[in-house]
Amino acid sequence: MGSIRFDKVDKVFGPVSGGVKALDDINLEIADKEFVAIVGPSGCGKTTCLRMVAGFEPPSSGIVSVNGRAVTRPGPDRAVVFQQFALFPWKTVRENIDLGLRNKNLAKGERDGLVAGALKLMNLESHADAFPHQLSGGMQQRVAIARAYVLDPEVLLMDEPFGALDAQTRVVMQEELVRLARVNPRTVLFITHAVEEAVYLADRVAIMTRRPGRIKEVLDVRSVRAAENWDRHERIEDVMDLESFVHLRTQIWKSLREEKGAHGA
Amino acid sequence: MGNAMIGGRSWIGLASVAALLLLWFGVTATGLVSAGRFPSPADFWLSLTQISLRGYAGGGLLAHALQSVKLVVMGFLVAIATGVPLGLWMGWDRRAEAAINPVFLIIRPIPPLAWIPLAILWLGLGDGAKIMVIWFAAFVPSVINAYAGVRNIDRPIIEAAQMLGTPRWRMITEIIAPAAAPMIFTGLRLSLQASWTTLVAAELVGALAGIGFVLNMAQQDIYPGMILVGMVTVGVLGWATTAALSLAERRALAWNVAGRD
């Protein structure tokens, strides 16, 4: 089980009066095993939404809850994949993945099995004993995803996880994530500014306004994906060529462009 | 970087040392600098053999050197064993920082050497006073760099560890300390330098053995050759202990790309 709920959430940075209002009345429900992407102009507070679910920031008012329990602090039930990977450079790939399991006080034998499974899942077996700096950016992000998946979290929080990767690696990782989501579905909150990525990956896409960020509209991608049978295509470029995909993408683009236009940016 | 480059650079280094030695020989042999002011290579060699074979100031060179190294190592270890944990704690815990920083700011401007009279008054001319003074001198860079090391850790590293449910003690030993390690080692190098500076000064003022004591005796005997032997010995010992520390650093930070150069 892993549902996420934002209930009348505001976030103000700095002093409560006279601070910068980053988020304004965010209301969003993400169901168990649902993949929701948030897109929005930079600085709109989409990452802040994720950080509140992770427990890194408290809301200024309103409630962020996971499975009906208000979030108070970070924890392994809400695994985070960071844009800059945030691996521990002094630990090997295996040790990076193992840390969360050790923190759960699992027995060595059980941990070894789970780590081996995570390494296999992300095609990292031959790099198990490498240090992060010996790996490419794409491989490092695989480690970060393995580190998150191995915890068997209720929800997976991904903060522009492919933003630091080059275009080719990015596509490979996007396809990989779709494969993962099919094998091992999770509740996912995915932050991105890449519209195509959001449409390709998500069940629903939430579009945010400029600061103070509000949720402007939420588009249902899942029903279109099912109706047009996107999943019969293996490759991302084939999906992106479909008329229904292009239509949704353009719809989101226009919505985002209005945001920029409205403020003359 | 190619091997040819490294080879080329070490040749340049050797050449400049050779040039310095030649210059030394030249200015003393020609009488440009009188033997009373600066010893010639021959004087230096005579002094070196005298202290090595027959002893000077109550002992052989090896005995004096070992005495100094022993005190530096002991003072340094006491200083870093207390300084690094304190720095880590101050970096991690805002309340600890708030409590300790003001005290630190008051004590810090006092030059370590100014503690020597008090240390001798308390602990006499023996080892204890020197270890205490080295402790005060070497403590500060250890604390400050460990503290800064913690403060400079990328926030996502800490957040990733929190997200993984890392308990408090493991957070310090497996996340905070290794993440701050490059800065901690910078602090250790400065602490080691401070240890040598302080020890030699303390031995100059009040000691019964050690390289500083040799220097003090040689000055009283107006013995330039022996003064130079003492200075060179301190230089060699300082270089050797720093090299040992660098070796430890390379091993401890093998994971660190920046440390690999």
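Q: In what order do the 4 strands of the open sheet in chain A run?
A: This is a predicted model. In chain A, 4 strands make up an open sheet. Their pairing is antiparallel. The order is β2-β1-β4-β5.

Q: Which are the edge strands of this sheet in chain A?
A: An edge strand here pairs on one side only.

Q: How many bridges join β1 to β4 in chain A?
A: Strand β1 covers residues 4-13 and strand β4 residues 61-66. The two run antiparallel. I4(A) faces V66(A) in β4(A). The number of bridges joining β1 to β4 is 5.

Q: Which element gives the largest share of the side of chain A that touches chain B?
A: The contact involves 19 residues of chain A and 15 residues of chain B. On the chain A side, β6 (78-81) and α2 (93-103) each supply at least two residues. The largest share is 3 residues, and it comes from α2(A).

Q: How many nonpolar residues does the side of chain A that touches chain B have?
A: Sorted by class, this side has 1 charged residue and 5 polar ones. Its nonpolar residues number 13.

Q: What covers the buried residues of α7(B)?
A: Helix α7 of chain B spans residues 155-163. Its buried residues are I157(B), I158(B), A160(B), A161(B) and M163(B). Their cover draws on both chains, including α8 (168-205) of chain B with α1 (46-54) and β6 of chain A.

Q: Which residue just after α7(B) takes a positive phi?
A: The helix ends at residue 163. Just after α7(B), a phi of about 75 degrees belongs to G165(B).

Technical notes:
Residues are numbered from 1 along each chain as its sequence is written. Chains are lettered from A and ligands numbered from 1 in the order in which they are written. This is a predicted model: local features need pLDDT of at least 70, side-chain atom pairs count only at pLDDT 80 or more; totals for chains, interfaces and linings use all residues. Two residues are in contact if their C-beta atoms, placed from the backbone, lie within 7 Å. Ala, Val, Leu, Ile, Met, Phe, Trp, Tyr, Cys and Pro count as nonpolar, Asp, Glu, Lys and Arg as charged, and the others, Gly among them, as polar. Two strands pair if DSSP finds at least two bridges between them. A residue is buried if 20 or more other C-beta atoms lie within 10 Å of its own, exposed if 12 or fewer, and partly exposed in between; C-beta atoms are placed from the backbone.
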